[in-house]
Amino acid sequence: MRVLIIEDDPAIAANLYDFLEARGHVVDAAADGVTGLHLAVAGKFDAIVLDLGLPGMDGVTLCRKLRDEARNDTPVLVLTARDTLEDKLEGFARGADDYLVKPFALKEVEARLAALHKRRLGNVAQRVLAAGELTLDPQTLMIRFHGRDVKLPPKCIRLLETLMAQPRRVYSRSELEAAVWGKEQETSDTLRSHMHVLRRELARAGGYDPIENVHGLGYRLVPRAAD
Ligand code: CA
């Protein structure tokens, strides 16, 4: 997963960062609310760990802005030292998905994040993705391009699904690796070989390759419009 930690306590932030990174996640961190909100909106994270007491902007305000103003639905796990029920309820009302009271076990943080991420993928998986003449049904895994069925290995389907989430957007290699394998890969060969198979099979079905290599940046999907 790609995880953003927004926590001003350096010891807690470092513990979370080191633990999650050692477990293979791609981690970013912010120590104040303003930076945290900026990163949360700008980056594509699978989950956010959010402290409530933060300098600059408190966690409750951050969460409200993320949902109401930025229209961002990244799952948020709130960390709070203020273990009164009212504080927790306030956090939920502002769009937090789950909470943990400090002190917490690091494994518990990871388990909660994984559960939130899975639940979100499940929600996203309800609808058929469409980009021009390309469609992907995440439930049946049926892919159609230019009116023809496309058969792909599972990782290639995940790769295509990621690109289809936002057609025309450029996805960096590390973003694609994190989305498909859960973390960046040691060499670029893994992504390159899966990308090769994906492009070859799409070209075979549709008569052209709808994926563009954006030099130095990554890849994007630019299929023609459906007839
Ligand atoms: Ca704090």
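Colleague: Which residues in H7 does H6 meet?

Modeller: Keep in mind that this is a predicted model. On the H6 side, the contact uses Lys 155, Arg 158, Leu 159, Thr 162 and Leu 163. The residues of this contact divide into 6 nonpolar, 1 polar and 2 charged. Across from them in H7 sit Leu 176, Ala 179, Val 180 and Trp 181.

Colleague: How are H6 and H7 oriented to each other, oblique or roughly perpendicular?

Modeller: The axes of H6 (residues 154–165) and H7 (residues 173–181) come within 9 Å and cross at roughly 125°. H6 passes H7 in a right-handed crossing. Roughly perpendicular covers 65 to 115 degrees, and with a crossing of roughly 125°, H6 and H7 are therefore oblique.

Colleague: And H6 against H8, oblique or roughly perpendicular?

Modeller: H6 and H8 (residues 189–206) have their axes 9 Å apart and pack at an angle of about 80°. Angles of 65 to 115 degrees share one label, so H6 and H8 come out as roughly perpendicular.

Colleague: On to the metal: which residues coordinate the calcium ion?

Modeller: The donors follow the spacing D-x42-D-x1-G along the chain. They lie at 2.1 to 2.3 Å from the ion, and they come from Asp 8 (OD), Asp 51 (OD) and Gly 53 (O).

Colleague: How many residues apart in sequence are the parts that Asp 8 and Gly 53 tie together?

Modeller: Asp 8 lies in the loop between strand E1 (2–6) and helix H1 (10–22). Gly 53 is in the loop between strand E3 (47–51) and helix H3 (59–69), so the pair links parts whose separation in sequence is 45 residues.

Colleague: Is Gly 53 buried or partly exposed?

Modeller: Buried would need under 20% relative accessible area, and exposed over 50%. Gly 53 has 44% relative accessibility, so Gly 53 counts as partly exposed.

Colleague: Last one: which residues is Ala 29 in contact with, leaving aside neighbours within four places in sequence?

Modeller: Ala 29 is part of strand E2 (residues 26–30). At 35% relative accessibility, Ala 29 counts as partly exposed. With those sequence neighbours set aside, its contacts are Leu 4, Ile 5, Tyr 17 and Leu 39.

Notes
Residues are numbered from 1 along each chain as its sequence is written. This is a predicted model: local features need pLDDT of at least 70, side-chain atom pairs count only at pLDDT 80 or more; totals for chains, interfaces and linings use all residues. Side-chain values use heavy atoms; hydrogens and water are left out. Axes are lines fitted to C-alpha atoms, for helices over the stretch in contact, and angles run from 0 to 180 degrees between N-to-C directions. Helices (H or I, at least four residues) and strands (E, at least two) are DSSP runs, numbered from the N terminus. Angles under 35 degrees count as roughly parallel, over 145 as roughly antiparallel, 65 to 115 as roughly perpendicular and the rest as oblique. A crossing is left-handed if the near helix is turned anticlockwise from the far one by less than a right angle, and right-handed if clockwise. Contact means heavy atoms within 4.5 Å. Ala, Val, Leu, Ile, Met, Phe, Trp, Tyr, Cys and Pro count as nonpolar, Asp, Glu, Lys and Arg as charged, and the others, Gly among them, as polar. Donors are N, O and S atoms within 2.8 Å of the metal (3.2 Å for Na, K and Ca); water is not among the atoms, so sites may look incomplete. Buried means under 20% relative accessible area, exposed over 50%, partly exposed in between (1.4 Å probe, protein chains only).
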